[in-house]
Structures are given as C-alpha cells and as structure tokens.
Amino acid sequence: AGRFDDAVAHFTTAIEADPQSHVLFSNRSAAYAKLEQYKASLLDANQCIKLAPTWAKGHSRRGAAYVGLRNWRQAIVAYEEGL
C-alpha cells in the first residue's frame, strides 16, 4: 500500500500496450492524485473521458483532480457531468 510511484510506472507501461483503455487512464489518474500531482491526474482523467465519455468514474477522476488543484467550480462541473 502507498506505492503510488510504482503504480504510475506500471499503469504507464500498460497504457503503452493498450492506449485505448479508459480504465488504465482512470487508474493512473487516481495514482497521480495520491501523489498530489493533480495536473497529471487531470490530463489522464481528460483522456479517460475522451475514450469513454459516458463512464461516470472518468468524470469523478476529473472532479478529484480539480479539487486537488483547488478549482472548485470546475470540480463541481466535472462531478455534475458524471451524474
């Protein structure tokens, strides 16, 4: 538990093998958020949403990244889009 640097590295390798997997981008977004790398988390959340626009978890990841960036308005928008 808590090995988020390792998680990012493994998800990056997996994304290289399957760049169309929205789940991998979602999971790496979460790992980046745990590392407080919110801009990277947001970029992965955006890619997740691009690949699977109706998947609510992608919007949740985007909302969490915006919370980390202290952009409250965009966080609310992201969470509402996931509903």
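Me: Buried means under 20% relative accessible area, exposed over 50%, and partly exposed in between. In this predicted model, why does R28 count as buried?

Reply: The relative accessibility of R28 is 12%. The cut-off for buried is under 20%, so R28, at 12%, counts as buried.

Me: What makes R28 and D44 a salt bridge?

Reply: The closest N and O atoms of D44 and R28 are 2.5 Å apart. A salt bridge needs a side-chain nitrogen of Lys or Arg within 4 Å of a carboxyl oxygen of Asp or Glu, so the pair at 2.5 Å qualifies. It links distant parts of the chain: D44 sits in helix α3 (residues 38–51) and R28 in helix α2 (residues 22–34), 16 residues apart.

Me: Is D44 buried or exposed, and how do you know?

Reply: D44 has a relative accessibility of 6%. Because the limit for buried is under 20%, D44 is buried.

Me: Which class does each residue of the R3 and D6 pair fall into, and why?

Reply: R3 has a relative accessible area of 58%; exposed means over 50%, so R3 is exposed. D6 stands at 32%, which lies between the two cut-offs of 20% and 50%, so D6 is partly exposed.

Me: Why is the contact of R3 with D6 called a salt bridge?

Reply: Their side chains meet at 2.8 Å, N to O. The limit is within 4 Å, so the contact counts.

Me: How many salt bridges does the rule give?

Reply: The count comes to three. Among them is the pair of E81 and R62, with the closest N and O atoms 3.4 Å apart. This pair also links distant parts of the chain, with E81 in helix α5 and R62 in helix α4, 19 residues apart.

Me: What class does R62 get, and what class does E81 get?

Reply: R62 has a relative accessible area of 17%, and the cut-off is under 20%, so R62 is buried. E81, at 43% relative accessibility, counts as partly exposed, because that class runs between 20% and 50%.

Me: What else does R62 meet, and what makes its link to N46 a polar contact?

Reply: Not counting residues up to four places away in sequence, R62 touches L42, A45, N46, I49, A78 and E81. The side chains of R62 and N46 make a polar contact at 2.8 Å. The distance limit for such a pair of N or O atoms is within 3.5 Å, so 2.8 Å is inside the limit.

Me: Which residues make up the largest nonpolar core?

Reply: The five residues are L42, A65, Y66, A75 and A78. Helices α4 (56–68) and α5 (72–81) are the elements that give two or more residues to this core. A65, one of the core residues, touches Y38, S41 and L42, leaving aside residues up to four places away in sequence.

Me: What makes the protein as compact as a globular protein of its length?

Reply: The protein has five helices and zero strands. Its radius of gyration is 12 Å, close to the 12 Å that the globule rule gives for 83 residues, so the protein is as compact as a globular protein of that length. The C-alpha trace spans about 30 × 25 × 20 Å along its principal axes.

Me: What share of the residues count as buried?

Reply: Of the 83 residues, 31% count as buried. The accessible surface comes to about 5,200 Å², with 54% belonging to carbon and sulfur atoms.

Notes. Residues numbered from 1 in each chain as written. Predicted model: local features only at pLDDT ≥ 70, side-chain atom pairs only at ≥ 80, totals over all residues. Heavy atoms only, no water. Core = buried A, V, L, I, M, F, W, Y, C linked by side-chain atoms within 4.5 Å. Buried < 20%, exposed > 50% of the residue type's maximum accessible area, 1.4 Å probe, protein only. Helix = DSSP H or I, 4+ residues; strand = E, 2+ residues; numbered from the N terminus. Contact = heavy atoms within 4.5 Å. Polar contact = N/O pair within 3.5 Å; in protein donor to acceptor, adjacent residues only side chain to side chain. Rg over C-alpha atoms; globule rule 2.2 N^0.38 Å. Areas by Shrake-Rupley, 256 points an atom, 1.4 Å probe, with all protein chains shown as cover.
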